[in-house]
Every structure is written in C-alpha cells, then in structure tokens.
Amino acid sequence: MKLQVQQVSVHIGGTPILHDVDLEVLPGEFVGLIGPNGSGKSTLLRTIYRSMRPATGSVMLGDGDTMTDVWNMSARTAARYTAAVLQNSPTPPGLTVREVAELGRTPHHGMFGRTGGADRGIVDSALARTGMTDHAERIYGSLSGGERQRVLLARALAQEPKLLVLDEPTNHLDIRARFELLELVHSVGVTTLAVLHDLDLAVRSCDRLVVLDHGRVVACGPVLDALSPSVLSEVFGVTAATERHDDGVVRVTYGARPLAKAS
C-alpha cells in the first residue's frame, strides 16, 4: 500500500499549523516523521488516520495507479486500510490483553459483531508476532509500558492494515524496549509512517526521513541526506552530523560543547 500526502494544509482556530505538506511512503517502507516540538507532526498524522480533516489537499492510499482519498472513504473502510498506534491511547478499563487485541477486528465486523474462528486466528497471530501470547489473559492495565505498546501494536496488526501510523511509539519506554518495539515494527513489513522524537532511533530504524519545521517539509529522503548537518543545525539547533559506521549502522554524532546553538 502506498501513501501520498498532497498539498495538505491544516488550520486550527484560524491558526495555520500545516502548510502545503507533500510526502510519500512507498509499499513496505518505514518512514520516520521528525521535527521539533510544535512542528505539526501529530497534526499531520491526524489527517492521515481521519481524525482531523485538512483545510486543503488530499491523503491518498492505494496500489499502483489506483489511489483513493481517505476522506472520500467511510470511517469503517478507512480503518480497514489504516491502523494507528497513538500516545496514551485510551483503552476501556478491565480488559484483558486478548480483548484489547480483539478490538482490532471491529472494522471488519462492526462494533456489535461477533468474533468468529477466523477472527480469533488473526488475533492469535497478532499476539504471537508481538510476543504477547503468554500474557493474553492478563489485565492490560497491569502491564509495563513496553508490554502495553506491544499490545496496542497487536491490536493494530489484528486490523490487518495496509498502513501503520505510529505517534511516538517509544515514548516513556526504556532503551531496550525502544529498540525491541521498532525492530518488531520493521519486521512486520507493513507500510509505516512513524513520528519519532529520538533522532538516534530514527536514523537507526527508518528507511527514509521526512523533516517538518513550522508546519512545512524542509527535508526528506534517505537518512544521510535528510538529516544533514545543516538541517540538524537550522531545524534542531544542535551541532551534529549523521554518518554510517563500519557496522553499517547510521548514527548521530554530536559535536563538542556547546552542543546547542545560541538562541
């Protein structure tokens, strides 16, 4: 599934938040959406998973030459294509891990539809892929932060989406849980657009990066091109560079003190 955002602008209370944003995520890619706080990253995601209608522009999904604007789909149809894992995602209290994951089947049979054998098999597979099978009967609220994120990812996978949209999926996780979660997402092979706050994780995990600043795309492309020293300086206000090390991993290398530019 391919995602194309074309000339998307968003205004909130008369204030422009996004300005003519264009981006593309190709089938199977893991693209990171990065930028300073307040740059419009979460707002852009909301236009993609149909939480906030853009003032102008379109959000297109499809394969090959057949693309459809998600805002021309019904909410239920759009949910069959796109699954979102959000920060502090609300979950009804008292549900077990399995019951939370089963919520991912709602777009396929409705809120009051009955879960059948095929649905249970899909949920079982999602729990297995996220390593949560052994926790299936535990109460969701009793889990650690990393375990909860895995359950929310299992719920998203149970939707059988063509596009995954992630908003700060590693927020509040320890370093090991961050690496495990992003490696898991990458292994799924679903087209993914993820807002990431941690630049070190973004350069290690993503196929390409899109950099937002003040609601505009200021850089996009392969990691080493998109996160150049000039972008790190002008957008993030730090002296740094990205480089590919001998082990093949791209890392951010920060300069000597002072790290931050004087304001």
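Buried is under 20% relative accessible area, exposed is over 50%, and partly exposed is in between (1.4 Å probe, protein chains only).

The model is predicted: local features need pLDDT of at least 70, side-chain atom pairs count only at pLDDT 80 or more, and totals for chains, interfaces and linings use all residues. Residues are numbered from 1 along each chain as its sequence is written, and side-chain values use heavy atoms, with hydrogens and water left out.

I then listed the contacts of Leu 209 (heavy atoms within 4.5 Å). Beyond four places in sequence, Leu 209 touches Gly 32, Ile 34, Ala 202, Val 203, Ala 219, Cys 220, Gly 221, Val 223, Ala 226 and Leu 227.

**The sheet**

I traced an open sheet of six strands in the order β6-β7-β8-β3-β9-β10, with mixed pairing. The edge strands are β6 (82-85) and β10, each pairing on one side only. On average, neighbouring strands are turned by 15 degrees against each other, direction ignored. Helices (H or I, at least four residues) and strands (E, at least two) are DSSP runs numbered from the N terminus. Two strands pair if DSSP finds at least two bridges between them.

β9 and β10 pair in the antiparallel sense over six bridges. Arg 208 stands opposite Pro 222 in β10. Helix α1 (residues 41-48) packs on the sheet and touches β3, β7, β8 and β9. The direction of α1 makes about 150 degrees with that of β7. α6 also packs on the sheet, touching β6 and β7, and its direction makes about 175 degrees with that of β6. These angles run from 0 to 180 degrees between N-to-C directions, with axes fitted to C-alpha atoms, for helices over the stretch in contact.

**Strand β3**

I checked β3 residue by residue. Five of its five residues are buried, so β3 is largely enclosed by the rest of the structure. Phe 30, Gly 32 and Ile 34 point one way, Val 31 and Leu 33 the other. Four bridges join β3 to β8 (residues 191-195), running parallel. Phe 30 stands opposite Thr 192 there. Four bridges also join β3 to β9 (residues 208-213), again parallel. Ile 34 stands opposite Val 211 in β9.

**Glu 29**

I found Glu 29 in the loop between β2 (15-25) and β3 (30-34). Glu 29 counts as buried because its relative accessibility is 13%. A polar atom of its side chain lies 2.9 Å from the backbone nitrogen of Leu 26. Leaving out residues up to four places away in sequence, Glu 29 touches Glu 24, Val 190, Thr 191, Thr 192, Asp 207 and Arg 208.

**Positive phi**

Most residues other than glycine have a negative phi. I noted Glu 168, with phi near 50 degrees. Glu 168 lies in the loop between β7 (163-167) and α7 (175-188). Its relative accessibility is 11%, so Glu 168 counts as buried. His 214 also has a positive phi, about 50 degrees. His 214 lies in the loop between β9 and β10 (216-222). At 63% relative accessibility, His 214 counts as exposed.

Methods. Polar contact = N/O pair within 3.5 Å; in protein donor to acceptor, adjacent residues only side chain to side chain.
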